[in-house]
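Hi,

Here is the structure I promised to pass along. Have it open while you read, and my notes follow below.

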Amino acid sequence: MDKVFTQMQAEFGSKIEFRKLNWEDKAGQSAIDSLSLANPPASVLADSKGHIVEKFEGARDVATMMIKLRKIALASREKTK
């Protein structure tokens, strides 16, 4: 997943914030529990206001993640018009 995040960060720059949570870490576990995630790797996509748009478990390829992020970015721009 690191490769996917690196490529997404390169395209979106500061428009996206990535946070990695360690499933073994107590602090990470608190967030993982609150998001109802069960198995790593998992991703949570939120809009610019922090509202969760999509959650999924399992690895995703770069193309799939880019499509999802572009869709969120487009929806966020439409709301600000």
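Lys-26 sits in helix α2 (helices are DSSP runs of H or I with at least four residues, strands are runs of E with at least two, and both are numbered from the N terminus). Lys-26 counts as exposed because its relative accessible area is 76% (exposed is over 50%, buried is under 20%, partly exposed is in between, using a 1.4 Å probe and protein chains only). Between Lys-26 and Gly-50 there are 23 Å, C-alpha to C-alpha, and the two are 24 residues apart in sequence.

Before going on, a word on where this comes from. It's a predicted model, where local features need pLDDT of at least 70 and side-chain atom pairs count only at pLDDT 80 or more, while totals for chains, interfaces and linings use all residues. Residues are numbered from 1 along each chain as its sequence is written, and side-chain values use heavy atoms, with hydrogens and water left out.

Staying with α2: Asp-25 caps its N-terminal end, with a side-chain oxygen 3.4 Å from the backbone nitrogen of Ala-27 (a polar contact is a pair of N or O atoms within 3.5 Å; within protein, one must be able to donate a hydrogen and the other to accept it, and residues adjacent in sequence count only if both atoms are side-chain atoms). After α2 comes Ser-36, which has a positive phi, near 60°.

As for the overall layout, there are three helices and two strands, in the order α-α-β-β-α along the sequence. The C-alpha trace spans about 40 × 25 × 20 Å along its principal axes. Of the 81 residues, 21% count as buried.

The loop between β1 and β2 (52–57) holds Asp-47, and His-51 is found in that loop too. Asp-47 is buried, because its relative accessible area is 15%. A polar atom of the Asp-47 side chain lies 2.9 Å from the backbone nitrogen of Lys-49. Not counting residues up to four places away in sequence, Asp-47 touches Val-53, Ile-72, Ser-76 and Lys-79 (contact means heavy atoms within 4.5 Å). His-51 is partly exposed, as its relative accessibility is 47%; leaving aside neighbours within four places in sequence, His-51 is in contact with Leu-45 and Ala-46.

Which residues make up the largest nonpolar core? There are 10: Val-4, Met-8, Phe-12, Ile-16, Leu-45, Phe-56, Met-65, Met-66, Leu-69 and Ile-72 (such a core is a set of buried Ala, Val, Leu, Ile, Met, Phe, Trp, Tyr and Cys residues joined through side-chain atoms within 4.5 Å). α3 gives the most to this core, with four residues.

Last, the largest pocket has about 1,200 Å³ of space. (On a 1 Å grid over the protein atoms alone, a pocket is an open set of points where a 1.4 Å probe fits, with protein on both sides within 12 Å along at least five of seven lines; lining residues have an atom within 4 Å of a point. Points are joined across faces, edges and corners, and the volume is the space filled by probe spheres set on them.) It is lined by 36 residues, and the closest to its centre are Glu-17, Phe-18, Val-44, Leu-45 and Ala-46. The largest share of the lining, seven residues, comes from α3.

Cheers
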